[in-house]
Amino acid sequence: MPDSLGPRLKVGVVVPSTNTSAQPELDAMRPDGVTNQIGRMIIDDDSMVDQPGFERVMHGIRESTHPAIRGVVGCDPGCVIIGVSPESYWEGTESHARVLGSMREAAGGRPVTMSPDAINAALAVLEARRIAVITPYPPVGDDPVSRFFTGSGYDLLGVRGLGAPSPLLISHVSETDLRDAVKEIDGADVEAIVQVGTNVAMARLAAAAEFWLGKPVVSNNVALYWHALRQNGITDRVRGFGSLLAEH
């Protein structure tokens, strides 16, 4: 017999203990017959404004990700979303396959979705290579994100970091801040705007921005959930969160 509430798919999601945005956004996008099962990586709310502080945050994520994955797979999900961005970009494109492989191993061989895979897949279907990127980080966090996208072959036309000083305070980035960042970073040559950082609540604002810009605006959480659903046979079109989930 299938799971009574999630007969179509159970999605395991692991997020940092400081993250208050990913769970409500993913639940809002959930199709009927799909459930999201949340596990938390226990990390401290350290300062990220300098290299040592950012490294402490990264160390906490690395130490707690595999235990969080092992905790969530106890409910036997069909796939696992890794709901944290810095680890996905910090070591560069050349190490991503190794990092992804270790996550899959911790997940018992289940499909795993990480931000680089989801965003790359999203930009492919949206046919966008000339991009601008919004991050929640100070400059120390923006640099690895920039290197990842340029190393992946994108024409990176701009990066706008919002300077959140700690992981918890990323969730305090307002829709007004995001609106202003979108307007600042957009340009005639930009084919798509990408937002990274799973503790940024941008799913609905991204959909609104697409309407007034007339181009794709990819929210990190939307891309993660879209990729996980599509990779696991769930093709429902969900409206209200942008063209990616509504049309692809």
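In what order do the four strands of the open sheet stand, and is their pairing parallel or antiparallel? In this predicted model, the order is β6-β5-β7-β8 and the pairing is parallel. The edges are formed by β6 (155-161) and β8 (217-218); each has a single partner strand, so one side of each is left without a neighbour in the sheet. The pairing of β6 with β5 (residues 130-135) is parallel and comprises six bridges. Within this pair, Val 133 is positioned opposite Val 159 of β6.

Helix α5 (residues 115-125) lies across β5, β7 (192-195) and β8, and its direction makes an angle of about 165 degrees with β7. Helix α7 (residues 175-185) contains the buried residues Leu 178, Ala 181, Val 182 and Ile 185. Viewed down the axis of α7, these buried residues fall within an arc of 100 degrees, and therefore line one face of the helix. They pack against the strands β5, β6 and β7 and against helix α8 (203-213). Lys 183 and Glu 184, both exposed, are carried on the face of α7 that is turned away from the buried side.

Ser 21 counts as buried because its relative accessibility is 5%, the cut-off being under 20%. When residues up to four places away in sequence are not counted, the contacts of Ser 21 are with Ser 171, Thr 198, Asn 199, Val 200, Ala 201 and Asn 221.

Definitions and conventions:
Residues are numbered from 1 along each chain as its sequence is written. This is a predicted model: local features need pLDDT of at least 70, side-chain atom pairs count only at pLDDT 80 or more; totals for chains, interfaces and linings use all residues. Side-chain values use heavy atoms; hydrogens and water are left out. Two strands pair if DSSP finds at least two bridges between them. Helices (H or I, at least four residues) and strands (E, at least two) are DSSP runs, numbered from the N terminus. Contact means heavy atoms within 4.5 Å. Axes are lines fitted to C-alpha atoms, for helices over the stretch in contact, and angles run from 0 to 180 degrees between N-to-C directions. Buried means under 20% relative accessible area, exposed over 50%, partly exposed in between (1.4 Å probe, protein chains only). The arc is that of the directions from the helix axis to the C-beta atoms.
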